[in-house]
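Hi there,

Here is the structure I promised to pass on.

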Amino acid sequence: MANGSLTHTFSDGIMPETGDILMFLLTVAWLLPLAGFVVEVYWLCYSHRLNKGAAYVAVACIGIGFLCSLTALLYWGNATKWAALSEPEHHAHSASHDAGHGEAGHSAEGHGEARHEHDAHAENADDHSHSPTPAPAKKYYTGTYYELARFSGLRVSLDWYIDSLTLVMFTMVTFIATCIHIFAIGYMHDELTEEYEDHEVHLHNGGHFSRPGRFHRFFAYLSLFSFSMLGIVLSGNIFQVFIFWELVGLSSYLLIGFYIERKSASTAANKAFIMNRVGDFGFLIGMMILWTSFGTFQFGDRTEGDHTHAGLFTMVRGQEGKLDVSEDGKEVYLQDAYGHRAEKNGKPLSISYMLLVAAGLGVFAGSIGKSAQFPLQTWLPDAMEGPTPVSALVHSATMVAAGVYLAARFYPVFTPEVLLGIAYIGCITLFIAATIALVVTDIKRVLAYSTISQLGYMMLAIGVAGWGAALFHLVTHAFFKSLMFLCSGSVIAGCHHVQDMSRMGGLRHKMNITAYTMLVGVIAIAGLAIPGTSIGLSGFYSKDAIVASALAYSELNPGHILLFIAPLVTAGITSFYMFRLWFLTFAGTPRDKHVYEHCHENPSIMTTPLLVLAVLAAGCAWGGEGGPLYRLIVDSETVPAAARVASVGAAKVILPSHDGHESDVHHVHSTAGTLALISAIIGMSLAYLLYVKKTIDPNQIRQQFSGVYDFLVDKWRFDSLYETMFVAPVHIVSAWCVSFDKGVLDPILHSAASLTVLTSKWDRAFDETFVDGLVNLVGTVTYNVGNSLKVIQTGRLRQYVMWIAVGVIVLFGALFTTIPK
Amino acid sequence: MGEVGLNAYLTVGAVLFVCGVVCMATKRNGIGVLMGVELVLNGANVNFVAFSRFTSLGLDGQTIALFVIVLAAAEAAVALAIALNFYNNHLTIDVDRGNELQG
Amino acid sequence: MDFEALFKQFLSGDVAQQASILRSLVIFLPELVLSGSIVLMLAARLVSLDRIIPTHWFALLGAMASFVIVLFQFWQFGQAQTAPVEVFTGLAIHDEFSIFFRGFLTFFLVFVIALTVLTGIPDDEDAPDFYSLLSGAVVGMMLMSSANHLLMLFIGIEMASVPSYAMTGFLKGKRRSSEAALKFVVYGAGAAGVMLFGISLLTGILGTAQFSELAPRFQAVFANHAGMQDPATRCVVLALLMITVGFAFKLSLVPFHFWCPDAFQGAPAEVGGFLSVGSKAAAFALLVRLTTSLAGDGTGALSQLSLSSGLALGLIAIVTTTFGNLAAYSQKNIKRMLAYSTIAHAGYMLMAVSALLVLQSVQSDLVFQGNHQQNGPRAMEGLLYYLCVYLFMNLGAFAIVALIRNQTFSEEIDDYKGLAQQVPVLAICMAICMFSLVGIPPLGGFYGKAFIFASVYEATNVHWFMWVVLATGGLNTVISLFYYLRVAKTMCIDARPADAAPVTLAASSSPALYVMLVSGMVVFLGIIIDPLSKVALHAAHALF
Amino acid sequence: MSPETLLTCIVFLPAVWAIPLVLFDAKAKDAMRYWGVLGTALTFALTLQLLMQFDSNKSGMQFKFDTPWISNWNVFFSLGVDGISLPLVVLTGFVCLLSMLASWSIEKNFKGYLMLFLILETGMMGVFLSLDFFLFYVFWEVMLLPMYFLIGIWGGPRREYAAIKFFLYTLAGSVLMLIAMLMFYFNSDRSFDLLELAKIAGGTSAGRSHVYGMSMQVAAFIMLFIGFAIKLPSFPFHTWLPDAHVEAPTPISMILAGVLLKMGGYGIIRIAFPLCPYGAQYAAYFLAALGVFSIIYGAFAAMAQTDFKRLVAYSSVSHMGYVLLGIAVWKIVDGKTVGREYWEMGLNAAMFQMIAHGISSTGMFFMVGVLYDRVHHRDINKFGGIAQVMPHYAGLAAVIFFAGLGLPGLCGFVGEVFSVLACWNFSPLLAIVAASGVILTAGYILWTMQRVYLGPEYKGPHPEALVEMNSRELAIGYTLVVTAILFGVLPHLLFDPMHGSIQALTQSLASSYETLYGAIQTSQLP
């Protein structure tokens, strides 16, 4: 019946095209930067160093990429007739139909499909064993570029996976990247020279280091990064994510170490890469578990011929989005694409619950590394060694957010235990980072720590089932944080590479565009709004949503009240240090005349991006959780996140529901919002008092709590801790390994070389030629034995003759014994 | 008077043999050593002849003995020549003086 | 009673019997030709013909002629699959095995004479003596290889040894040479005496000296199964032991090897090369023939006998190999080192014989897959192949030593430093010989060794002790690497000291060609194995 | 040309090519260089031709042919190629060509060098192509002599020590291999035919149940494994490698790392496993553990090196550990092979890793060599700032080193990550330890790059000699980089020819182990 009803719908044959078209557009957007990269790497081959062409190429690539993604987004909207933006309870239904129809018409082609519960039945219409309760649709398109390898049953491939989240991320990333590329043209302008003098590097002859400029190289790296970042977003399986995961790691390594002659830069680059590798170590373990127990890396289901292979999500959550846990709660049964238990030669496939938890934690470890969460947060501040546009693009807006993206994307596989872990990691991180940000005076580092802290918010949100809130915040944060970084970049450029806020002040007179766009960003991140009315900048809505779901969570699980307190308090801290930053930099009177004299507003090529971003930072979240952005995001939200879920595992936690008006979150929403706003305002006014009114002298407080202050300045002493805990031991062990080779293995071989030297004159010659090694052992021993044998060969004829007799007698004895009696 | 048995001859042969070996192993004089060789060979000859008299070996024994005598002569000749050469080079036939080659 | 028969034949005018003698003489032609060449050489000097025609031409022609005749005989045998023929009323035997060795020896003789000609030893005065000694020794060795009678065994060994004594001391003026000769002769004579005594006991107790009849007589002796209580048995064992001493002397097996290093060091390199290959080959031929005939069909007591004697030989073999390799290790004089290496190689080859005996001691197929009739011949094939390769690699080594000695007057290894820069040909050929002696493919030495190890492995099915033999063999291969490699390294890798005497040898000069030919044969035998191994197997089958 | 001739040519062309060199005048260096390049190029072309003719869909041996060689002993000159040997053959041709191109800096006695080089190539080709155990053994040893002299004559200061050490290790291994070979020979119908022997081991040979007893299989496997592990090299047997690498001239290091080490892995896959399944399974866990240990150990050891070449050498130890690991992940639960496809994945990964390492480590040694040719030292701490003076070189080197680091998109990644992924099914513990290797590897490679390439200026000796690579070096560098990227992006190019044969291998081994297991249960097996 399903088939019958499906065949003659108007949307027949449209959806598959949708899939292909989306795939095409996004692929173009994804690959263009790569092409750009190749061109720019060899830019010098067909141009000279003072040419800006490389930059234009890069901008063109990413810009076209943005247009493609935007088109894709709009096209998708049309195809689904913007069902996503309509009211939630309605959209689930209608959209599901559209998706369903199209899918059926298409599934014959087996490439690029939108899976849907109905046609899962349509395809095996003959067994309607369980009631077709219509669950909300999964609307995504997935397909394969090409296979990397195939081992009998197993299959590793490069896939694409497109849903609204993908589209939003694509649009966001490409847009911000475009802005930053343009900004960078201005920012990196002084690299357009044959003789770039670097004042931070002192040669051993005292002079400054000077080198040819690296304009084109910078843009090459940026393009490489954009390519890898988009790759993550587009990936259709976890393995592919890992691939691009490493590639963004590489490009961040290259960009952080852009000034390769600076020791600090290259060290920071190594630190970033290696710490990410630590995270990836966990990621790898998670992948092993998944790979071994599920036998696939795919996110979505894949139709091959007339059979549909379930993807990871389906296997874990099935069609209704429920874990199929055995009675004793120890085993989780895998489910196939038809809503049954997956079977292999008769036996139902299952994975131990603990293993599933381990897998979740492992994958999350990857996110920890990439998003600089506790305990791997220390690399991100050092990463500020890179040029500021890099910090804006890579280390605030996109790459570090990839960790959150992964966690969100992989949400279906996470059990409540894992989510709890995520929540607490996020909670700790957001607090630690915020506190450190209080005392930092380097303008970029303040932003860096605030980035970490904001990422902590997102992680927390995911942990407390605020899936939509997390991604909501991800997007808004991307806008305002990149805005702020660009502003700081503009400040730095204006002040000729002065980054220390204590030397600034009053700059708003000199560079007002920068100053006020910055202010927008500050207000946004502080989450301020006009009290009473819930009208604020983007940050207000998203943080609001997070705090709300945190509150809901802690109401349902009173044990975890901390998960609400920490973000609430930190909201205040955040607004405090952000305003501190703004006041110190732009308000007040100049503290360093010299800097003030020479600083100037930047050319329009740098300020325009600021304005554009400022607009979006202010308005992107328009409408809050009713608004289009949030709707778009949650449209791709996976089923279980919406409803209230009680854990079956070890940790007895209940995940709040937050869909519709009677959900747990909705109840507490206004309360949470108010609380957050209050703490934010408190923070702001404190900053005002300290740094503008000077009613309280910061230095006094500093002396009061000098212990705490130093502790914070030392970044909670994490670096020294890791130094002693890991780095030193590694070097010791490696030294030990070598000494084992040199001191144990070889001596087993080299034994008694000295003895040989003494043995005889000739032996010394022998020693120089052969000695050492196993050679020695055999060599020496044989040589000595040989020497001792010389003694028998006395050269005395009579003794020789004597030996004849002796020999005969001895042998006779020997035979006498061997021959049996 | 029973005639002398095989064992008596064998004993003589054995005694000759042992004397020869001892002589070779003890004499320092080269010629003496060569004499020892002769003793050994003749000890063997006695056995041959004795066996040919008492056992089924028959004439073979005698013949072999004859051959051995001839060979012994030849060997002795060469040996003496070598001894002479040795004397020419060392001005002695004390075999112990020939100890340059060793080790 | 063959001697009576012999005399009768001479007295009576019986045609048939005279025909049989004639036939024996025909078969004996190679030896006769050699003897003839000897007579010619000596006669030529009487008429001072040697002033006109250098003596070595006689020697060379004689050797070649006899080699050709042997080849012909072999071909003949191949044509008509004739059974082994007993010649001279059973004193000697004529079969593929003996033909193989006679061919081997005459061929070898040709090479040795060529070498002596190239290196200019001896000078024209002594040439007739030297070559007559050389050829005479070879005749003796050929007798050894075809002996079928204990007397023949003794005569052969003496005929081979006595000329060698003289040749060792051939450099009359040299102290060392004379010393070496004296030690050699005394030691040899002593060993011969002991062996002869052993022979006398054996013949006496068994009442025969004919190889073919030894086995049955043994059965009779051992019939009472009294074991070692029985004086006769004890006596036989002792006798066998004493005979072994004779062989051990020829093969320079530990502990009867003492003459070997001294003699080799004292003797000229050419003679060293000759002794190391020729007398060993002949001795092995004789040993194999004797042991196989003793083992007979390996039934009853004989099985016990061959097993234990095989194990005894195995023991001697491993002791010899290990000793040789270890002692060679610390030598400075290359001839002495090569002497020890020949000792070691005798050990390897003896492993084949011991494996053969052990394998012969079981006649049931139970222990083996496939038919174990093949096993004996296989072991022999290994031995023969090894000997053939050994001929080339050892001769090559000694030839190079001689050539270098002629220019530097030194035989110390250290004086070979960096010869590769001056005479790459010699260095490369030496390297080839050395690596072949180690037993590294694709050089001939490897295959002989591999075949022998294969037989030894096969024998492990019979007795665990053969595992020890196998392991020792493997280990020794590794140990031997050092001193062989040291020579190659000294010549090829080290730098030539400035003060060292220059060595010159045009790559196209005849000595160079000779060396290249010999070492080329080593490589050839490492790549084209089939023909020789087939011939060897064919010859080995004659024994069983 | 017909496959038979093709195979024979591939094996013997280089050696034959060496003969005319005798006629060259010792001074005509360039002539000889181009002659040598031509020879290796032709050989490489032939291997490519083989690749063309090869049918990836067939799983079995292709172009197999036998010619009696030593008929008395059933030794055949039998060559053949399948998915396992094919990539290695092509790799050999490739690496030889590159290292021949890299041989320009050889001065001393160039003629001899070329001859030995070409003979070496013949030996290597023979090992990969021969299907007769005896022939295999012979070729295996044939490589020994040239290598000994190439290191011993053209090597660095301690060359003699390194050469003899190399020689001794290998010879010791081969003696064991010889004994194992005899075991199989006498326990079969006097056969050296690897395929036949494998059949017998699997009990699938015509007309005979399997005759290799358990004890024999274990003994034989251990002997074979030691022989191969020395070449691999795996942990306790690896100490010859750093010395050999450090002393050997650059092109020879390239060959050592690029090809010779692969023979260990190849031997294990082609001989040790098929011929004694029981022994292999018996030792599987030990092997995997050894592999993992080598990974970690090599990485640690590399981290502490100051000699650039030594560091790369230890990285080889670490990388080849993945090979051993991938080969060994054969999980058996009461006689049945569990998750065979994961083991198949492991084997594929091992093969891939061998090729990848053949490219990356060849490249690394070449890059080190380029520096060494200029400044004549290898002390990492004396370097720095190379990227400033030789940007082009530094760029290529960076790619190669990242390939060694196992960065996705480059060849190093696939082999490593797949073998680790395949390991979890076999043993989670080992898998975790092995995975930790990614951190260490990143550690020592990045640290090295920082010390050598980054930084403001070069403070070591001969700074004036640091000129950009010439066109010949660039050609080599780019070839390596391109292949590295190619296999990193399109690994299936490599998997497609291999996976058929490997699938067949795993299936036959699994089934044969089941038969063996049954026989053990019913105690039919000695």
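How far apart are the closest C-alpha atoms of chain B and chain D? They lie 27 Å apart, and no contact joins chain B and chain D. Please keep in mind as you read that this is a predicted model.

Chains in contact

Five pairs of chains are in contact, and among these pairs chains A and D share the most contacts. I also looked at how chain A meets chain C: 30 residues of chain A are in contact with 32 residues of chain C. On the chain A side, the elements that give two or more residues are α30 (761–770), α31 (773–792) and α32 (797–818). The largest share comes from α32(A), with 13 residues. By type, the chain A residues that touch chain C are 19 nonpolar, nine polar and two charged.

Chain D

Chain D has 21 helices and four strands. Its C-alpha atoms fill a box of roughly 75 × 55 × 40 Å along the principal axes. A compact globule of 526 residues would have a radius of gyration near 24 Å, and chain D agrees with that at 22 Å. Of the 526 residues in chain D, 67% are buried. Among the contacts in chain D with a separation of 6 or more, 81% are between residues 24 or more positions apart.

A sheet in chain A

Back in chain A, there is an open sheet of three strands with antiparallel pairing, in the order β8-β9-β12. The edges are β8 (324–325) and β12 (350–352) of chain A; each has a single partner strand, so one side of each is left without a neighbour in the sheet. Strand β9 (residues 331–333) of chain A runs antiparallel to β12(A), and three bridges join the two. Here A:Val332 stands opposite A:Ile351, which belongs to β12(A). Helix α11 (residues 353–370) of chain A packs on this sheet and touches β8, β9 and β12 of chain A. The direction of α11 makes about 75° with that of β12(A).

Happy browsing, and do write back with any questions.

Best wishes

Conventions: Residues numbered from 1 in each chain as written. Chains lettered and ligands numbered in written order. Predicted model: local features only at pLDDT ≥ 70, side-chain atom pairs only at ≥ 80, totals over all residues. Contact = placed C-beta atoms within 7 Å. Nonpolar A, V, L, I, M, F, W, Y, C, P; charged D, E, K, R; others polar. Rg over C-alpha atoms; globule rule 2.2 N^0.38 Å. Buried ≥ 20, exposed ≤ 12 C-beta atoms within 10 Å, placed from the backbone. Pairing = 2+ DSSP bridges. Axes fitted to C-alpha atoms, helices over the stretch in contact; angles between N-to-C directions.
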